[in-house]
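Here is a briefing on one structure. It covers chain symmetry, helix packing and a handful of loop residues.

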Protein chains: 2
Amino acid sequence: LSVESSNNPPGEFDLIAQIKAQAIQNAYVALGIGDDCAALRFRRGAEVLVTTDMLMEGRHFLRDTASFPEIGYKALAVNLSDIAAMAGIPVAALVSVALPRHEAEAAATGLMLGMKRLANDHDLALIGGDTNAWNGPLVISITVIGEASERGAVRRDGAKPGDVIFVTGRLGGSLLGRHLRPRPRVREALAIHEDAEIRAMIDLSDGLAGDLAHILKSSGSLGATLDADDIPVHPDAYQLAIETGRHPLDHAMTDGEDFELCFTVAPVVAAGLLAYPPDGATIFKIGVVESEPGLRVRYGPYKVVPYFARGFDHLADPLK
Amino acid sequence: LSVESSNNPPGEFDLIAQIKAQAIQNAYVALGIGDDCAALRFRRGAEVLVTTDMLMEGRHFLRDTASFPEIGYKALAVNLSDIAAMAGIPVAALVSVALPRHEAEAAATGLMLGMKRLANDHDLALIGGDTNAWNGPLVISITVIGEASERGAVRRDGAKPGDVIFVTGRLGGSLLGRHLRPRPRVREALAIHEDAEIRAMIDLSDGLAGDLAHILKSSGSLGATLDADDIPVHPDAYQLAIETGRHPLDHAMTDGEDFELCFTVAPVVAAGLLAYPPDGATIFKIGVVESEPGLRVRYGPYKVVPYFARGFDHLADPLK
């Protein structure tokens, strides 16, 4: 019971042995797989960030629509997205899995393929975990450890009235398949935060309306007005709207699993960001934070309508 | 998807909401539950230790022999034992669970009870995790983050020929029930390491013979001779021997889940430890590290017999 191979007989299905053999390390790793703990060394005085997510077969993915590499990729990506949402630097990951016994080897190898690609992309060390096979469905639980940038971690609760609200990409309709291959906006967040002080940030997992509401509420019961014409609607949202009969904007506002970032900056900083967009990051200005609580949408120049935030409901997934 | 409540409808079964409400924090926590990540602040220059373990119903515990508080306690204890095995200071834990839907509330509340007791005992912060209910069996995955002491993390690979080998408690027979309530030897390890330089250490999860072999192998294919009369046999090992017909010493050597520590120190340091035992830690001298590979047991003053290491095999559990 340690950060190393478990009590399973050795074999290809031992994911941790595979990780160890491939030695995916970086400069932070003082001690890798093979002892009771792994050890990391951070920049002096740095804040250490930690986040975790558990994905379960039948609840977060279905085996007939998601391959093992896709599941491994996504399980790691959603954690990296949380690090991105603090404008943090990903450092290392621990991966624990309960593998279905009848396909344990295929599962371990496939999960590894998906995770490795992303780990390499982000210079993320894989420093351990726990592998077990059982007769139950696939469960994968990943913990990612990161480091705040020199500017500090960006929290959700720093928005102020007058702040301009941005998102980093087009929204909605990810259920058509995009949700399986989110691109965690790690580099984008660091690039933006280097150029401009981000006051509050969150990653969009539950839908723009619901996640923005988290920022507004935790920043002191603030509100916001979004410009309908400025909200970047993903082509998938139009596609999905054909099937659901809902408005594409509605999908952009409430669909989950976009994994884009939503952030706020002071007005003068926003002007700078718009005039000189950060290298390698796409940003869309979508609205303004206000002291009056509640979320509103402006249609055209005059019509402002209250928007009733309704987050992504996994149970009401239209495709299930 | 973040270190906070999941997408479940709110309720008592949301373990993370329970953790948040009870605010089990300490001086390391810069940012607790409720943002995309939690943030920790360590002593400047400290090595950060991380370890993780996933326990699964039917594989690591059975619902008819283990209560929810016992499962929560044990899932956290085995991780703390890994921190102890580095002579580390536990700092914070992340807890992810897949709860059986039909008893999700009882499970969350029970697990929390067991974990809370141990967290309070060790000034361990609970800083997040992920809760989900499903139709599958109970899975609990815990990651513990710690800090190396000022003397540095104790690894497995530092043993040298001539080192004296110690254990921190009586061994064997934990399957009779003790394995559900291990006492992680966190304080003991710190007390010993403060008095004496520990060269190599491991926690006994797979049995003395197998775990000591990890130390010997990783320290450069060393060997050891243990004194049969010095190995502290637990009363449970005698009890179990009645049922199994095996020798009690055999249980002490090979039974798993003792969660005592096994460590080596230089001979002169051993003399000091024996003359002035560390406060609050019980230690037993059991043998000596040698350059000749292999594990040997000395019976009486002259008879030295090779011991064939056989670790604890969960599948061969005599009580299952």
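Buried means under 20% relative accessible area, exposed means over 50%, and partly exposed lies in between (1.4 Å probe, protein chains only). By that rule Phe259(B) is buried, because its relative accessible area is 1%.

This is a predicted model, in which local features need pLDDT of at least 70, side-chain atom pairs count only at pLDDT 80 or more, and totals for chains, interfaces and linings use all residues. Residues are numbered from 1 along each chain as its sequence is written, chains are lettered from A and ligands numbered from 1 in the order in which they are written, and side-chain values use heavy atoms, with hydrogens and water left out.

**Symmetry of the two chains**

- Two copies of a chain are related by a rotation about an axis and a shift along it.
- Contact means heavy atoms within 4.5 Å.

**Helix packing in chain A: H2 with H3**

- Helices (H or I, at least four residues) and strands (E, at least two) are DSSP runs, numbered from the N terminus.
- Helix H2(A) spans residues 68–84 and helix H3(A) spans residues 104–121. They pack at an angle of about 45 degrees, with their axes 6 Å apart.
- Axes are lines fitted to C-alpha atoms, for helices over the stretch in contact, and angles run from 0 to 180 degrees between N-to-C directions.
- H2(A) and H3(A) are therefore oblique to each other. Angles under 35 degrees count as roughly parallel, over 145 as roughly antiparallel, 65 to 115 as roughly perpendicular, and the rest as oblique.
- The H2(A)–H3(A) crossing is right-handed. A crossing is right-handed if the near helix is turned clockwise from the far one by less than a right angle, and left-handed if anticlockwise.
- On the H2(A) side, the contact residues include Phe68(A), Tyr73(A), Leu76(A) and Leu80(A). On the H3(A) side, they include Gly110(A), Leu111(A), Gly114(A) and Leu118(A).
- By class, this contact of H2(A) with H3(A) has 14 nonpolar, 3 polar and 1 charged residues. Ala, Val, Leu, Ile, Met, Phe, Trp, Tyr, Cys and Pro count as nonpolar, Asp, Glu, Lys and Arg as charged, and the others, Gly among them, as polar.

**Helix packing in chain A: H1 with H3**

- Helix H1(A), residues 15–22, packs with H3(A) at an angle of about 45 degrees, the axes being 10 Å apart.
- H1(A) and H3(A) are therefore oblique to each other, and their crossing is right-handed.
- Leu15(A), Gln18(A), Ile19(A) and Gln22(A) of H1(A) meet Ala108(A), Thr109(A), Met112(A), Met115(A) and Lys116(A) of H3(A).
- The residues of this contact of H1(A) with H3(A) divide into 5 nonpolar, 3 polar and 1 charged.

**Buried loop residues**

- His122(A) sits in the loop between H3 and strand E5 (125–134) of chain A. It counts as buried because its relative accessibility is 12%.
- Beyond its neighbours within four places in sequence, His122(A) contacts Leu80(A), Pro90(A), Pro184(A), Val186(A) and Arg187(A).
- Gly158(A) lies in the loop between strands E6 (139–148) and E7 (164–167) of chain A. At 17% relative accessibility, Gly158(A) is buried.
- Leaving out residues up to four places away in sequence, Gly158(A) touches Asp163(A), Arg199(A), Ala200(A) and Ser219(A).

**Positive phi in chain B**

- Most residues other than glycine have a negative phi.
- Phe259(B) has a positive phi, near 55 degrees. Its place is the loop between helix H7 (248–254) and strand E10 (261–265) of chain B.
- Ser221(B) also has a positive phi, near 50 degrees. This residue lies in the loop between helix H5 (208–218) and strand E9 (223–227) of chain B.
- Is Ser221(B) buried or partly exposed? It counts as partly exposed, because its relative accessibility is 45%.
- Ser221(B) and Pro293(B) are 72 residues apart in sequence, yet 5.7 Å apart in space, C-alpha to C-alpha.
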